[in-house]
Amino acid sequence: MRVAAADQSIEDVVAATGGADLVVGIPSYNNGKTIGHVAATAVHGLSTFFAGRPALVLNSDGGSADGTSTAMVAAGSAACESLDETHRRWIRIESMRYRGPSGKGSAFRDIFEVAERVNAVAVVVLDADLRSVSPEWIDRLASPIVSGRFDFVTPLYKRHKFDGTITNNIIYPMTNALFGGDIRQPIGGDFGVGTPLVRAYVADTVWETDVARFGVDIWMTTTALVNGFRVAQAHLGAKVHDPKDPGQHLAKMLVEVVGTWFDLVERYSQAWANGDGSAPAAPRLGSEPASDVTHVNVNVDSLLDQFRFGVETLTPIYASVLPAALVERFGAISAGAGAMPFDDSTWARTVYAFALAYRRRALPVQQLLSSLTPLYLGRVASFVIANGNSSEEAAEKQVQQLARVFRSLCPDFATEWRAERSPQ
Amino acid sequence: MNTLQVTTWLDEFGRRVAAITVDTLIFLAVVFAAALLGWLTKKILSRVLRASGFDSLAGRSGATTSARRAGLSAPPSDYASRFAGWVVFFVVLIAGASSMHIPAADLVLQRALLFIPAFVTAVVLLIIGVLFSEFAARGVLIASVNAGWRGASAASALVRLLVLTLAVAMALDQLAVARSIVVAAFSIVVGGVVLALAIAFGLGGRHIARDYLRSHLAPPPANEPGAEIDHR
């Protein structure tokens with residue numbers, strides 16, 4: 001075991017490490033309270049499931065002011081100390097300061113670069129604010145890659161039926177419709193990556209774009225699917241992490257996530273617009289660990305109120321960028337005060353219409369994506385109303401039904417996309 | 001009046017009539033040439049603008065929406081080409097008239113040439129003002145709606161009015177049209193709006209002001225619609 005100082009460069013880490021079969025990367029920024037647990041769990045996972053294989057637990061930090069790097073190094077080294085001598089000497093703990101724009105993507109880039117240079121077979125990346133991470137996560141994310149069967153492992157979390165609404169209503173169904181793969185958590189945050197894909201990531205030219213700041217998760221998944229890498233999904237149980245950033249407004253989050261996603265739809269349009277680029281469904285590996293999810297109480301009235309107000313006020317803007325029939329439908333749903341649902345078909349058409357408007361830059365991007373917020377809240381309200389008394393399984397069936405609707409409308413979307421002229 | 005005087009008078013009359021006829025014909029030719037050049041400019045520019053996607057660019061910038069709001073329903077390329085056509089018509093007409101050494105035309109040409117830079121600047125200022133007012137008003141509207149602020153439409157209209165007022169005032173100042181009145185009117189309008197806002201936020205709407213500042217300077221309250229959900 002070797003414990004390094006914080007704020008090292010990539011060169012320092014590579015020189016000190018030499019070689020490692022496995023790298024567990026932990027991107028961070030001001031996660032001093034939680035990163036220690038993640039680092040210690042990573043050490044236990046490596047010693048339990050990959051004993052005897054050289055491994056590196058690597059923190060890639062964005063200049064935290066709360067002693068994140070120090071906490072990570074301290075917790076990691078303490079976990080190593082608790083191991084017997086034969087295990088501990090194979091595991092290294094390192095922390096470095098990442099380069100480039102501030103964001104998770106930049107942190108990932110440096111982790112991948114270190115992994116490539118130390119000839120790692122598999123890289124596992126874990127969020128630094130995880131509270132529910134267990135040693136088994138390392139096994140489930142890394143083993144399919146170490147065994148040579150897969151290149152990319154995405155997480156399958158157990159989530160409350162009302163959580164992950166952007167994933168459930170936009171990213172999952174649309175990713176599946178356009179690129180295939182049936183990846184249930186495309187923006188999960190915790191992944192396993194094999195060497196060939198790590199090389200592809202490092203060689204890409206996206207690292208000065210929004211991908212470096214906030215869009216790295218969906219970019220990694222989409223890149224893996226489009227380029228034919230073998231993808232699997234690993235059951236990890238419930239994902240419990242620090243409460244979400246209270247300063248993060250929903251509209252801003254939607255703009256970031258959906259904007260990055262639409263960029264990728266545009267970037268990889270050759271792969272889906274002709275209808276021949278669909279990847280096979282990624283297998284779901286292992287069994288779902290027993291875990292409880294935190295119940296989510298949703299204030300439906302508040303969602304509906306915001307939806308109605310948004311439709312009432314923004315209709316002229318919607319009318320200037322979306323099909324008239326769709327805008328009329330918003331009005332009818334809004335007037336129904338919750339009695340008429342924001343049904344799957346209307347929602348899928350809405351998302352596709354926004355993607356088309358994004359492609360032709362019908363409005364400044366920020367304004368266009370922000371204007372989706374009230375409609376999204378209306379859709380979430382409908383989902384909550386429809387599934388208030390449903391079981392988790394029944395709610396999941398609803399999500400699968402939405403995915404089917406997205407797929408059925410995809411050919412029309414592709415036709416319109418091809419007919420649409422890009423503003424460039 | 002003897003025969004010689006009558007003949008001389010008739011000769012002079014004939015010469016003058018001939019001269020006026022020639023000048024008139026030349027002037028008509030100039031008018032025709034100006035109209036032809038203006039028409040050609042309009043046609044060619046219209047095609048070039050349409051082919052280059054000028055209308056969709058104007059649509060994206062919000063200029064089309066502003067024009068429709070003002071009752072102008074034709075495509076922006078139509079108005080731009082028409083404007084250019086009329087400019088060419090008048091420039092050729094004045095230049096042609098000037099070449100005929102008509103004193104009034106010389107004076108008009110001189111004044112027009114001096115006026116052109118200020119006029120072009122004013123037009124550019126107005127176009128930028130219209131585009132920016134649309135952009136700013138739409139941004140305020142969407143952001144206010146997402147913040148759940150019920151005064152979204154009023155705030156948006158106010159922003160549009162302020163930006164347009166500023167643009168019109170700057171354009172009129174460029175044209176030196178009633179400068180003192182424009183400055184005074186602008187000061188009164190902007191000052192009035194600022195005063196009204198200060199009173200509204202400071203007294204009548206202090207709760208709204210507090211909520212607004214809180215929502216922008218502090219984390220959103222827990223009761224933001226959907227705050228209980230982990231959306232990602």
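Predicted model: local features only at pLDDT ≥ 70, side-chain atom pairs only at ≥ 80, totals over all residues.
In which hand does helix 1 of chain B pass helix 4 of chain B? The crossing is right-handed.

Start with chain B. Its secondary structure comes to eight helices and zero strands. Read from the N terminus, the elements run α-α-α-α-α-α-α-α. Chain B has 232 residues, and 20% of them count as buried. Take the contacts in chain B between residues at least 6 apart in sequence: 65% of these join residues at least 24 apart.

Now return to the opening pair. Helix 1 of chain B covers residues 3-51, and helix 4 of chain B covers residues 76-99. Their axes come within 7 Å and cross at roughly 155 degrees. Angles over 145 degrees count as roughly antiparallel. Helix 1 of chain B is therefore roughly antiparallel to helix 4 of chain B.

Turn to chain A and another helix pair. Helix 1 of chain A spans residues 10-17. Its axis comes within 10 Å of the axis of helix 5 of chain A, and the two cross at roughly 30 degrees. This crossing is right-handed. Helix 1 of chain A contributes I10(A), V13(A) and V14(A) to the contact. Helix 5 of chain A answers with D110(A), E113(A), V114(A) and R117(A).

Helix 8 of chain A runs over residues 195-203, and its buried residues are L197(A), V198(A) and Y201(A). Seen down the helix axis, these buried residues fall within an arc of 105 degrees, so they line one face of helix 8 of chain A. What covers them?

Helix 10 of chain A leads on to the next pair. Its partner is helix 11 of chain A, residues 250-267. The two axes come within 9 Å and cross at roughly 25 degrees. Angles under 35 degrees count as roughly parallel. Helix 10 and helix 11 of chain A are therefore roughly parallel to each other. Helix 10 of chain A passes helix 11 of chain A in a right-handed crossing. From helix 10 of chain A, the contact uses I218(A), W219(A) and T222(A). From helix 11 of chain A, it uses T260(A), W261(A) and L264(A).

Is T260(A) buried or exposed? It counts as buried, because it has 25 C-beta neighbours inside 10 Å, and 20 or more is the cut-off for a buried residue. Set aside its neighbours within four places in sequence. T260(A) is then in contact with D210(A), V211(A), F214(A), G215(A), I218(A) and W219(A). A40(A) is another matter: T260(A) and A40(A) are 220 residues apart in sequence and 33 Å apart in space, C-alpha to C-alpha.

Further along chain A comes helix 13, residues 300-321. Where does helix 13 of chain A bend? It bends at L314(A), by about 65 degrees. A proline, P316(A), follows within four residues. L314(A) is itself buried. Other buried residues of helix 13 of chain A include L303(A), L304(A), F307(A), F309(A), V311(A), I317(A), Y318(A) and V321(A). Q306(A), R308(A) and G310(A) are buried too.

The loops remain. Most residues other than glycine have a negative phi. N30(A) has a positive phi of about 55 degrees, although it is not a glycine. N30(A) sits in the loop between strand 2 (22-28) and helix 2 (35-49) of chain A. It is partly exposed, with 16 other C-beta atoms within 10 Å. R361(A) has a positive phi of about 50 degrees, and it is not a glycine either. R361(A) lies in the loop between helix 15 (344-359) and helix 16 (365-370) of chain A. With 15 C-beta neighbours inside 10 Å, R361(A) counts as partly exposed.

One more loop residue is S147(A). It is placed between helix 6 (135-146) and strand 6 of chain A. S147(A) is exposed, because it has 10 other C-beta atoms within 10 Å, and 12 or fewer counts as exposed. P135(A) is twelve residues from S147(A) along the chain, and their C-alpha atoms are separated by 18 Å.

Conventions: Residues numbered from 1 in each chain as written. Chains lettered and ligands numbered in written order. Bend = angle between axes of the 7 residues up to and from the residue. Contact = placed C-beta atoms within 7 Å. Arc of directions from axis to C-beta. Axes fitted to C-alpha atoms, helices over the stretch in contact; angles between N-to-C directions. Parallel < 35°, antiparallel > 145°, perpendicular 65-115°, else oblique. Left-handed = near helix turned anticlockwise from the far one by under 90°.
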